[in-house]
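Open the model in your viewer and keep the selection panel at hand. The tour goes stop by stop.

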Amino acid sequence: MRIILLGPPGAGKGTQSARIVERFGIPQLSTGDMLRAAVAAGTPVGLEAKAIMESGGLVPDAVVVGIVADRIEEPDARNGFILDGFPRTVEQAAALDRMLQEKNLALDTVVEFVVDENALVGRIAKRAAETAARGEPVRKDDTPEVFKTRFEAYRAQTAPLSAYYASLGMLETLDGMQPVDDVTAALMRTLERHVETTAS
Ligand code: AMP
């Protein structure tokens, strides 16, 4: 199963991805996690991405597309994957289409979490507080100021992907404002339906 999770920062993509990993045994491919690892390791990609990520902007398409192209070649991604945080621009989506076509692969579905913008800042603050309470390093971009830029990048560059995938008949939307377990239940029902369709 190859799926994309769409939604603004704080919509719950990471939380729900972890549950899909558990249920379906496919890896979560989070470009944000991969970029943070590159920053921590001080690789050339990390050096290029660091300041952009801290400001809440988007890392150039070519950089992110390159990372994903390499990652989906890994053996654990052979039977499927969850893309979390990618694509984030229509250009990235087109690059992904080309990547998959070359391998004769197709996406199964794109699930968008629809959330109220006003709830997101609170969720981001909660994530930062919970991370700090566990004694783990807090993401530098989980602040109300940087959130504004991240949300603006989402609105201007990522939100158009809903129409892109809807026009391909691939978009499923879920109410991301429900309690987290209810979102998971709705998500699993949606994914099970796609598994059944693919298998038949
Ligand atoms: P995330 O963990 O998905 O919130 O991503 C954290 C940051 O990494 C974003 O604010 C961007 O700066 C960068 N990033 C992650 N994924 C992408 C992407 N697909 N395209 C461009 N920048 C990205």
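Which residue just after α3 takes a positive phi? Select Gly56: its phi is about 95°. Helices (H or I, at least four residues) and strands (E, at least two) are DSSP runs, numbered from the N terminus.

Before moving on, note that this is a predicted model: local features need pLDDT of at least 70, side-chain atom pairs count only at pLDDT 80 or more, and totals for chains, interfaces and linings use all residues. Residues are numbered from 1 along each chain as its sequence is written, and side-chain values use heavy atoms, without hydrogens and water.

**α3**

Select Gly46, Ala49 and Met53. They are buried (under 20% relative accessible area; exposed is over 50%, partly exposed in between; 1.4 Å probe, protein chains only). Because they cover an arc of only 75° around the axis (taken from the directions from the helix axis to the C-beta atoms), they sit on the same side of α3. Now turn to the face away from that buried side: Pro44, Leu47 and Ala51 are exposed there.

**The largest nonpolar core**

Next, select Ile4, Leu83, Leu96 and Tyr165. These have the most contacts inside the largest nonpolar core, which has 29 residues. Such a core is a set of buried Ala, Val, Leu, Ile, Met, Phe, Trp, Tyr and Cys residues joined through side-chain atoms within 4.5 Å. Elements giving two or more residues to this core include β1 (2-6), α3 (44-55) and α8 (160-167).

**A second core**

Finally, select Ala11, Phe24, Phe113 and Met188. They belong to a second, separate core of 22 residues.
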